[in-house]
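Trainee: Can we go through this one together? I'd like to start with the ligands.

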Amino acid sequence: MDSLLSDLRARVILAQASGKPVSIHGGGTKDFLGMKGTGTALDMSQYAGIVSYEPTELVVTARAGTTLVELESLLAENGQMLAFEPPHFGPGATLGGCIATGLSGPRRAAAGSARDFVLGVKLLDAHGRMLTFGGEVMKNVAGYDVSRILTGSLGMLGVMLEVSVKVLPRPERELTLRYAMLEAAAIERLAAWGAQPLPITASSWVAADGGGELRIRLSGSPSAVDSGRARLGGDVVPAAEADAWWQSLREQTLPFFAARPLWRVSVPPVTPPLALGDTVIEWNGGQRWVSTTQPAEAVRSAAAALGGHATLFRPESIDEARRVGVFHPLDPVVEGIHRRLKSEFDPQGIFNPGRMYSYL
Amino acid sequence: MNAPLDAAQDALTIARRQAEVVAALRHVVPEHCVMYREEEVRPYECDGLSLFRELPMVVVLPETESQVQEILRLCKRLQVPVVARGAGTGLSGGAMPHAGGVLLGMAKFNQIRRLDARTCTAVVQPGVRNLAISEAAAPYNLYYAPDPSSQIACSIGGNVAENSGGVHCLKYGLTVHNVLRVRMVTMDGDIAELGSEALDAPGLDLLAVFIGSEGMLGVVTEVTVKLVPKPALAQVIMASFDHVETAADAVAGIIAAGIIPAGLEMMDKRATAIVEPFVQAGYDLDAAAILLCESDGTPETVAAEIARMTDVFERSGATRIQVSASEAERLRFWAGRKNAFPAAGRASPDYYCMDGTIPRRQVGRVLLAIQEMEVRYDMRCANVFHAGDGNLHPLILFDANDPDSVRRAEDFGAEILELCVQVGGTVTGEHGVGIEKINQMCVQFTREELDAFHAVKHAFDPGGLLNPNKVIPTLARCAEYGRMHVHAGELRFPELPRF
Ligand SMILES: Cc1cc2nc3c(=O)[nH]c(=O)nc-3n(C[C@H](O)[C@H](O)[C@H](O)COP(=O)(O)OP(=O)(O)OC[C@H]3O[C@@H](n4cnc5c(N)ncnc54)[C@H](O)[C@@H]3O)c2cc1C
Ligand SMILES: Cc1cc2nc3c(=O)[nH]c(=O)nc-3n(C[C@H](O)[C@H](O)[C@H](O)COP(=O)(O)OP(=O)(O)OC[C@H]3O[C@@H](n4cnc5c(N)ncnc54)[C@H](O)[C@@H]3O)c2cc1C
C-alpha cells in the first residue's frame, strides 16, 4: 500500500477513534455547495492518477484526486468524453468531488447524469477498510449498487478512493442553433422536439432584449446533424461561439449566475414558466436556475407543487444557508432511510457531518 | 439443486402458523385474494429457474396499494417473511417462495395509469408487462427501451427489481437509466417515493440503489418510466467469423471506431446449430460465431453507420456479411437470437442459463475456456449473448432427471461464474443473484463488502423480513462455501489457466 493511502487510512481510523469529524475535499471548487464542513480537512487532491484506461472497453478508472482537466484531456486524445459533461467550477476540480456532488452539465437530458455513468467505486469506510463496489463492466447486478448511491452523497458515507466511469465516443459533429423566443414558447418547443427522434444534446433558454433566446445543440454523424438542421431551422451559431456558450453555461460564468441567492429548481421538463424570478433554463426545461429574493419556503413549495424540488445552490450568506437549509427537505419516510443509511455506514458521524442535511 | 433455506419447521407448527396468517390476511384483503391449499399455491413454487422450488405457506394477491400496506404491517407484526412476485420469469430464483412465508403476487396491479406523449412518460403499475408499455406507446411513435428477451411476459416490477436489460441496452441503457420514479411500500407499511418526474430528486439517490435490489428493500406499487422516440429506421448486419476470438476482436473494433450500435450480439456455432432448425433465420452454420450488429436512427445515420460497421467487420476478417434489406429480414435475423432459450429447450431435456459479465476484451478467452470445460464436464454449452457489453449467457444443456447431470451442470455453471470474477467481471449481469448465485457472492465480495450490503438492507428493512436468505449471503453461509476473504488469485480451481 502506498504511503498516501496508508496516511488517509490512518487519518480516518484516528477520526473514528476520537469521534472528530473530517471534511473531505478535492480541489475545493465546490466548497460553496451544501453546508460548511466542520471537521479537519482530509485532502484528496494528492491521491491522483489514472489507474486504468481501455478505450475499447469504454471505461476509465482513476484515483479520486485526479483532476477533471487531466481526465478529460486523456479521453479527448482518444476521441472519447465524459458524456455527462460535469461542471468544473475551477481548474482544481477532481473526479472525487465531481462524483460526490453528482453534478451534470448540458448533455444531461440527452445522455444521462453522473450517476448513470458510474460503474464502480473503491471506498474507504469509517473503519478505514477499503471496499470495492461495482467494477469496470457495463452490466452488473451483483449485490446493491452502492457506487450509484455514493454519487451525489457529498462525502457523507465515506471517502471515495477510486472511481470507474463509463465513457462515450465524442460525436463526429456538433452544431448549435439559435431562436428568438419567449420562455413559454421555448418550453413548448423543447417538449415537442423531445418526443421526436432528433439528435438534440443540449438546450438553453435565457432572457434577452425584448424576449429571450433558445439555443439547442445537435450532435451525431454529419448527415444526421445536417438533416436535423434542415428540419429545425433557426440561425447557426458559429462553432467557437457555440463552444464558449455551452462552456459558460456549464461553468456558470455567464453574468446571470453572479446573482445571490441562486436557486436550482428541478422540475418535470414541460413545466410552464415558474414566475419566481429571473430564470435560465437547461435540460429541455428540467433544470431552472432562478435568481429570486422570494422566501425559501415559497420557492420550495412552488417547486414541490409542480412535482420537483429546489436547492439553494449559491446562498446569499452562510447564515441564510444555515437558516433555511441548502437541500430540499425530505419526506419523513425517505428521511428515515437516510438516517439509517448514515448511521449504518458512518455510525460516529465522522464524514462531512451536516454537509447535506443537518441531521446526517 | 437443493433449496438451501431455513431449518425445516415441523408440520404442525406450520399448519398452526398458516391458519393464523390466513385468518389475519382475511381481515385486510377479500377472501378470494388469499390462497393456501396445496393445489392453489403449487403454481408459485418457483420462478423461471425451476431447479429451486419451495411451496409458499400462503399466497396473497392484493388489489390495491392500501392492501399491500396492510399486508406488510400484518406480516411485520406476526414476523412472517414476505416474497414479492411479478410474472415469475426470473432466472435466479429471486421470487422463489419462503416455506414459512407469504408470497405477495403483484399480478393484479396491471393497469397503465397514465401515458403522456407530451412528457414522454408512462405511469404504470408493477404487474404491467414490459412489452405492453411499448405497445401502448406505439401510437405516439414512442417506446420503452429496455427489452429483456422475456418482455412478452415479465413485469415492470420485476424489471425494476432486477435492473433488467436487453438487446438495446448497449445504446439505451438498463432499467436504471429508463425509470424516473418508483413508488414502493416499506416493510413497515409506509409509502416512499424514490426519484421523481423531474430529472433528479433531493438527498441520496435511493432510486438507483432500489433498482436492482431484487425485492429485498420494498414492494413496488407504481413506476414512472421514460419513453423514447422510435427511431425512423433500424437495420442489422449479420457477420460470420471462423474463430470466436476474431469475432470478439471485431466487437472491440466497432467500439474503437467510435460507434455505439443499437444492439451487438454474438452466437457461437453450438447456438446457431440449435436455433437454426427452430427458426430458419438463415444463419451461417459453418461459422464459429456470428455477430448481429444493429444501427438505428435517421435513414442518413443508419446508412453511414452500416457502412462503417461493414468496413470494420471486413477488416476484422468476417467470412460472410449480410445486411438486412427489409424490416421482415431484420426481424428474421433477430428471431433466432430472441428464441435461443426456447430452442435450447427443444434440443435438450433441460438447460441452465448462466449470466455473468466480463470485460469485452476477455470474451474470446472466456469462450475458449468454456469450450475446454465442455470437454471436462462432458456437457454441451451454447453461447448466445450481449457481446457489446460483455454479458455472457452460457446455456448448459443437461438432464434434470439424472442427478449426476444436474450436479455437473451446477459445477460447470459455478466454474463459469468464478472465471468471470477472475477476469475482472461479475457473477451476474442482469438476472440477479437471487438464491442461485448466492454462493458466488462470497467469491466476488469480501466480508467487509458483504457487511456494507447488509447495512443497505438494514436501512430499508431493519427486521430483514423481505425476501430473506437471498442475494446477500450471511457470513456463516460463506464460511460454509469455504471462501471468506477471497482475493484475486486465491480462487477455486487453481489448476485453471490464469489470464
Ligand atoms: C486547502 C483546503 C483546506 C481546507 N481546510 C478545511 C478545514 O480545515 N476544515 C473545513 O471544514 N473545511 C476545509 N476546507 C473546505 C472543505 O474542503 C470543504 O468544506 C469541502 O469539504 C471540500 O469540498 P470542495 O469544495 O473541495 O469540493 P470538491 O473537492 O469538489 O468536493 C465536493 C464534495 O465532494 C466531497 N468529496 C471530494 N472528494 C471526495 C472523495 N474522494 N470521497 C468522498 N467525498 C469527496 C467533498 O467532501 C464535498 O462534499 C478546505 C479546503 C481546501 C481547498
Ligand atoms: C426466456 C427468458 C429470457 C429472459 N431474458 C432476459 C433478458 O434478456 N434480460 C434480463 O434482464 N432478464 C431476462 N430474463 C429474466 C427475467 O425475465 C427478468 O429478470 C425479469 O425482470 C423478471 O420479471 P418478473 O416480473 O418475471 O419477476 P419475478 O420473476 O416475478 O421476480 C423477480 C424478482 O423481482 C422481485 N419483484 C417482482 N415484483 C416485485 C415488486 N412489485 N416489488 C418488489 N419486488 C418485486 C421478486 O421478489 C424477485 O426477487 C429472462 C427470463 C426468461 C425466462
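**Ligands and the chains around them**

Mentor: An oxygen atom of ligand 1 sits 3.2 Å from a polar backbone atom of A:Lys30. That is a polar contact, meaning a pair of N or O atoms within 3.5 Å; within protein, one must be able to donate a hydrogen and the other to accept it, and residues adjacent in sequence count only if both atoms are side-chain atoms.

Trainee: What should I know about the model and the numbering?

Mentor: This is a predicted model, where local features need pLDDT of at least 70, side-chain atom pairs count only at pLDDT 80 or more, and totals for chains, interfaces and linings use all residues. Residues are numbered from 1 along each chain as its sequence is written, chains are lettered from A and ligands numbered from 1 in the order in which they are written, and side-chain values use heavy atoms, with hydrogens and water left out.

Trainee: Which backbone atom is 3.0 Å from a nitrogen atom of ligand 1?

Mentor: A polar backbone atom of A:Gly39. A backbone N or O atom of A:Leu154 also lies 3.3 Å from an oxygen atom of ligand 1.

Trainee: How much of ligand 1 does the protein bury?

Mentor: 79% of the 910 Å² that ligand 1 exposes when taken alone. Accessible areas come from the Shrake-Rupley method with a 1.4 Å probe; for residues, only the protein chains shown count as cover.

Trainee: How many residues surround ligand 1?

Mentor: 26, and the closest include A:Ile24, A:Asp31 and A:Arg355. A residue is near a molecule or strand if one of its heavy atoms lies within 4 Å of it. H3(A) gives the largest share of this shell, 4 residues. Helices (H or I, at least four residues) and strands (E, at least two) are DSSP runs, numbered from the N terminus.

Trainee: And by class?

Mentor: The shell around ligand 1 has 8 nonpolar, 15 polar and 3 charged residues. Ala, Val, Leu, Ile, Met, Phe, Trp, Tyr, Cys and Pro count as nonpolar, Asp, Glu, Lys and Arg as charged, and the others, Gly among them, as polar.

Trainee: Stay on chain A. Is A:Arg107 buried or exposed?

Mentor: Buried, with a relative accessible area of 5%. Buried means under 20% relative accessible area, exposed over 50%, partly exposed in between (1.4 Å probe, protein chains only). A:Arg107 is in the loop between H3 and helix H4 (108-111) of chain A.

Trainee: What does A:Arg107 contact?

Mentor: Leaving aside neighbours within four places in sequence, its contacts (heavy atoms within 4.5 Å) include A:Met81, A:Glu85, A:Glu174 and A:Arg217.

Trainee: Now ligand 2. Which polar contacts does it have?

Mentor: A polar side-chain atom of B:Asn159 lies 2.8 Å from an oxygen atom of ligand 2. A backbone N or O atom of B:Gly165 is 2.8 Å from a nitrogen atom of ligand 2. An N or O atom in the side chain of B:Glu430 is 3.1 Å from a nitrogen atom of ligand 2. The protein covers 94% of the 970 Å² of accessible area that ligand 2 has on its own.

Trainee: Which element gives the largest share of the shell around ligand 2?

Mentor: H5(B), with 5 residues. The shell divides into 12 nonpolar, 17 polar and 4 charged residues.

Trainee: Last one. How many helices and strands does chain B have?

Mentor: 18 helices and 20 strands. Buried residues make up 61% of its 499 residues.
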